[in-house]
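Student: Hi! Could you walk me through this structure while I have it open?

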Amino acid sequence: MKKLLIFLTTASLFSSAVFGAVVSGKDEESAATRHDKIYHFEHRLLPGWVHNTEGHFFADLASGIPEPMIDAAKEVDGAEFVKSLKLKSYPAEKAYVIVFQQPAQASECYYAIIKKEAKGYSYYILERGVDLFGVGGDSFVCMWTKDLVHTNLGVREYNDLDSFIKEVIFGDSDS
């Protein structure tokens, strides 16, 4: 029960803190933008649930998108954002893929992969970036560590789901 309370408390903190000054770094009277909310959902809330619920969030994914995730997604952009979320299961690989809506700007995510590892869980994202140097890649594979540190694993020339799954779930580095 204690673990479930942590999960639900995290969800309720999302709605009260994220949409004000906390996410955007703006003063209390400034509302967080839609981009701020999406970023927080994909880069803070979900990796926090993956790493800090002792496997409960991962286990809940077996039944579909958990209710606290749906509630938090509604606060990002209402029913449209919730409808855009898709969940794919890879039980043999102990992994789930969350498909997000098409990113509108850099740092928003195309997809997230949550994997059960020998010692815990991992959270990977394929994030939209900017091809500043014209090298042909405008997306990045990143991961969040157990300490909730964002690690950039490098630029990618793809932004499709199949390539992301091949690389992260199946270890195909040719992607």
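Tutor: Happy to! Let's start with Lys 83 and Glu 80, which both lie in helix 4, 3 residues apart, about one turn of the helix. Helices here are DSSP runs of H or I with at least four residues, strands are E runs of at least two, and both are numbered from the N terminus. This is a predicted model, so local features need pLDDT of at least 70 and side-chain atom pairs count only at pLDDT 80 or more, while totals for chains, interfaces and linings use all residues. Residues are numbered from 1 along each chain as its sequence is written, and side-chain values use heavy atoms, with hydrogens and water left out.

Student: What do Lys 83 and Glu 80 form, and how far apart are the closest N and O atoms?

Tutor: A salt bridge, with those atoms 3.4 Å apart. The rule asks for a side-chain nitrogen of Lys or Arg within 4 Å of a carboxyl oxygen of Asp or Glu.

Student: Is Lys 83 buried or exposed?

Tutor: Lys 83 counts as exposed at 53% relative accessibility, and Glu 80 counts as exposed at 52%. Buried means under 20% relative accessible area, exposed over 50%, and partly exposed in between (1.4 Å probe, protein chains only).

Student: How many salt bridges does the count come to?

Tutor: The count comes to 4. One of them joins the side chains of Asp 77 and Arg 34, at 2.8 Å from N to O. Asp 77 lies in helix 4 and Arg 34 in helix 2 (residues 34-52), so the pair ties together parts that are 43 residues apart in sequence. Asp 77 is partly exposed at 33%, and Arg 34 is partly exposed at 33%.

Student: And which residue does Glu 167 pair with?

Tutor: Arg 156, with the closest N and O atoms 2.5 Å apart. Glu 167 is in helix 5 (residues 161-168) and Arg 156 in strand 6 (residues 150-156), so this bridge ties together parts 11 residues apart in sequence. Glu 167 counts as buried at 17% relative accessibility, and Arg 156 is buried at 13%.

Student: Back to helix 4. Where does Ser 84 sit?

Tutor: Ser 84 is in helix 4, which covers residues 67-84, and Ser 84 is buried at 17%. A polar atom of the Ser 84 side chain lies 2.6 Å from the backbone oxygen of Phe 81.

Student: What does Ser 84 touch beyond four places away in sequence?

Tutor: Val 99, Phe 100 and Gln 101, where contact means heavy atoms within 4.5 Å.

How values were computed
A polar contact is a pair of N or O atoms within 3.5 Å; within protein, one must be able to donate a hydrogen and the other to accept it, and residues adjacent in sequence count only if both atoms are side-chain atoms.
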